[in-house]
Amino acid sequence: MLELTMAAVSAAESGATAGMLMADAPSEPGTVLRVGRDTSLCRLATPDDWLFVSRVHLEFQCAQDGSWQLTWLRGSLPEPSSEVRLTVGDHVQPVAYGGTVPLPRGGSGEVVILDRTAPRSVNVGFYHEI
């Protein structure tokens, strides 16, 4: 099972955890959890006016072997208005626009979508339960 928690944080609300959203899904091949502004496509939806987040920004997908991967989906613009970083333990790595990275099996971490123009972020914590 993959468990996600999401918080949308602006400079004025730094450190606040109110309004956290949660989603989970079984580790079955082909299962998908999405993060973005479109509530009809995404289990975790960000504020509508946070345009640095695409309609469907992140996709967590379960592979055939029960492992999970994260994809930063390409939006309609050639250059993104955000950055995405994956943190596992002390290791922080950028995720390429349109890129896919594996999540640690049985591990936890955080994916952060950072606005390039304002002090705002979307923080998505994850835990892969085996």
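Two strands are taken as paired if DSSP finds at least two bridges between them, strands being DSSP runs of E of at least two residues and helices runs of H or I of at least four, numbered from the N terminus. The model is predicted, so local features need pLDDT of at least 70 and side-chain atom pairs count only at pLDDT 80 or more, whereas totals for chains, interfaces and linings use all residues. Residues are numbered from 1 along each chain as its sequence is written, and side-chain values use heavy atoms, with hydrogens and water left out.

On these criteria, five strands form an open sheet with mixed pairing, in the order β4-β3-β5-β6-β9. Its edges are β4 (44-45) and β9 (100-102); each has a single partner strand, so one side of each is left without a neighbour in the sheet. Within the sheet, β3 (residues 32-36) and β5 (residues 58-62) run antiparallel and are joined by four bridges. Arg-34 stands opposite Glu-59 in β5.

UniProt, in an unreviewed entry, places the feature "domain: FHA" at residues 33-70; positions follow the numbering used here, feature names are shortened, and annotations may be inferred rather than shown by experiment. This span is 37% strand and 0% helix, and its end C-alpha atoms lie 10 Å apart.

His-57 is found in the loop between β4 and β5. Its relative accessibility is 1%, so His-57 counts as buried (under 20% relative accessible area; exposed is over 50% and partly exposed in between, with a 1.4 Å probe and protein chains only). The His-57 side chain makes a polar contact of 3.0 Å with the side chain of Trp-72 (a pair of N or O atoms within 3.5 Å; within protein, one must be able to donate a hydrogen and the other to accept it, and residues adjacent in sequence count only if both atoms are side-chain atoms). Residues up to four places away in sequence aside, His-57 touches residues including Val-35, Phe-52 and Ile-113 (heavy atoms within 4.5 Å).

Val-111 touches, among others, Leu-58, Phe-60 and Val-124.

The structure holds zero disulfides (pairs of cysteine sulfur atoms within 2.5 Å). The sulfur of Cys-62 is 18 Å from the closest cysteine sulfur, in Cys-42, too far for a bond. Cys-42 is buried at 7% relative accessible area, and Cys-62 is buried at 3%.
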